[in-house]
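The sequence and coordinates are shown first.

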Amino acid sequence: MNAALHALARAAVDVTGAGAGAVLAVAGDDLVVVAAAGDCAGLVGTTVAATGTSAAFVVSSGQPIAVSVRPEDPVTSAVAALLGRHPASVLCVPCATDEDPLGALELVDKAGGMFTVDDIELATVLAGIAGAALTERGQAAAPPAPPSWERPWPGWPAPTRSATRRWPRC
Amino acid sequence: VVDAPPPARPAYSRDSTVLRLPGAIGLSDLSPEWAWGGATGKGVRVAVIDSGVESDHPDLGGCVDAAGAVMVSVSPDGVAQVITGPHGDSFGHGTGCAGIIHALAPEARITSVRVLGPHLGGKAVSFLRGLGWAIEQGFDVINMSLGTNRQDWALAFYEVCDQAYFRNCFLVTAANNVAQPSFPSMYGSVASVACNLATDPFRFHFNPEPPTEFLARGIDVEVPWRGGGRVRATGNSFAAPHIAGIAALIRSKHPELRPFQLKTVLWATAANVREARRAPLAAGRLSQTVRRQTISARATSAVRIIRESEV
């Protein structure tokens, strides 16, 4: 499974021209590097606190983001924090599934400038495959989680699949 | 024989006779000047549902209602709770969205509804509760540069977005970057926005093939960020607040507009619609010209507006 994730990380670095990239998986309120490419290839297995990072944001919001960062700006990249250097640009997309994202694909330091919308779309496609791989990885590692029982208001009924509608694709 | 008095007209019939758009006779009169010329956003309340807003950021010029801000947290037993009071931005994204809205509508009041916090789980339920709170408070414009793929919450979001529509709250949401359903961007009761290639914040486009209905600036936008700084950012996340800011301007000048009318005004003032209207066209060619111009303006292929062979 990790071989597939590593291949995806390498592909993402290659097609976008990034200097480094990693697939980070959600582990509680932290993120763990499960695959990496470029000059962060040695970070696999490292845990990073999610708070305030772009990876945490895209996992939470479901929205990809690309930012260029000046030296005086706050470092928001989990990968750059692990590498110990300030990135010039960061692209982060969620590893989306039909449920909450299971992780994020993060790329840093695009050669020659800032990540583009095309880079976002390429990375999003690869991150979708990574999401499927992370789903299988999670299913192999643990028994299925019990159904969620989250309630936006007290008394709200638990969500069920029977209430799901089929939506047209964009 | 005495004729029975005519039955009283129902309320909706009486009301419909007095509703007029002031100063606008037809769709062709709906220009940017009519829509938001001279407007500043004064009197309009905008909710930003996001990672929080750094209320004292210098770029926000004091437009944030810090005391009225709320944060949604999920209790250990799974119930979402709304906590009122000042808070910071857990990432910087909410401050960025608020900065775009403030730059367009400087006198609009912005309230932060923080649903993205330090914890990675339970986001759909926090998001839904925060959206419900904003609708209960009757915000004029609600910006949501986030979404969820969780289909088990799709119907709940659908119902809450319908409540917003009937309560006169205008919802603006970022579209997904790829062709995968993301909620609530799939619903007709929201304005779903993706990036175009524009550098002018007021240059936006209408997309004739929904669910993404508008394209606005979202590439390489300099926005305020957490810690008093700024970053240059790209994403549909930053396109949505451009439409939210313009909607705030329109609502401040035309507070009588309902959400469907506001969408109509946005359609009529979209760059591709205006330019197509100015071109000498045979009857029935307007939509084709709009589509052609939309293709050249779109930034993201996820906005699949038309098969190329149709152009």
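**Chain A overall**

The model is predicted. Chain A contains four helices and six strands, and their order along the sequence is α-β-β-β-α-β-α-β-β-α. Chain A has 170 residues, of which 51% are buried. Of the contacts in chain A between residues at least 6 apart in sequence, 58% join residues at least 24 apart.

Two packed helices are described by the angle between their axes and the distance between the axes.

| Helix pair | Residues | Axes come within | Crossing angle |
|---|---|---|---|
| H4(B) and H5(B) | 123-136 and 154-166 | 10 Å | roughly 15° |
| H7(B) and H8(B) | 259-269 and 271-278 | 5 Å | roughly 55° |

How are H4(B) and H5(B) oriented, given a crossing angle of roughly 15°? The axes of helix H4 and helix H5 of chain B cross at roughly 15°, and because angles under 35 degrees count as roughly parallel, H4(B) is roughly parallel to H5(B). The crossing of H4(B) past H5(B) is left-handed. On the H4(B) side, the contact is made by Ala124(B), Phe127(B), Leu128(B), Leu131(B), Gly132(B) and Ile135(B). On the H5(B) side, Ala156(B), Phe157(B), Val160(B), Cys161(B), Gln163(B) and Ala164(B) take part. Sorted by class, the contact of H4(B) with H5(B) holds 10 nonpolar and two polar residues, and no charged residues.

Helix H5 of chain B also includes Ala154(B). Ala154(B) has a relative accessible area of 0% and is therefore buried, the cut-off being under 20%.

In H7(B), Trp267(B), Ala268(B) and Thr269(B) meet Ala271(B), Val273(B), Arg274(B) and Arg277(B) of H8(B). By class, the contact of H7(B) with H8(B) comprises four nonpolar residues, one polar residue and two charged residues.

**Backbone details**

Where are the cis peptide bonds of Phe183(B) with Pro184(B) and of Pro210(B) with Pro211(B) placed? Phe183(B) and Pro184(B) are joined by a cis peptide bond with omega about 15°. Pro184(B) belongs to the loop between strand E6 (170-174) and strand E7 (190-196) of chain B. A cis peptide bond also links Pro210(B) to Pro211(B), where omega is about 20°. The position of Pro211(B) is in the loop between strand E8 (205-206) and strand E9 (214-217) of chain B.

Positive phi values are given here for two aspartates. Asp109(A) is a residue other than glycine, yet its phi is positive, near 60°. Asp109(A) is part of strand E6 (residues 103-110) of chain A. Asp220(B), also not a glycine, has a positive phi of about 55°. Asp220(B) sits in the loop between E9 and strand E10 (221-224) of chain B.

Conventions: Residues numbered from 1 in each chain as written. Chains lettered and ligands numbered in written order. Predicted model: local features only at pLDDT ≥ 70, side-chain atom pairs only at ≥ 80, totals over all residues. Heavy atoms only, no water. Axes fitted to C-alpha atoms, helices over the stretch in contact; angles between N-to-C directions. Parallel < 35°, antiparallel > 145°, perpendicular 65-115°, else oblique. Left-handed = near helix turned anticlockwise from the far one by under 90°. Contact = heavy atoms within 4.5 Å. Nonpolar A, V, L, I, M, F, W, Y, C, P; charged D, E, K, R; others polar. Buried < 20%, exposed > 50% of the residue type's maximum accessible area, 1.4 Å probe, protein only.
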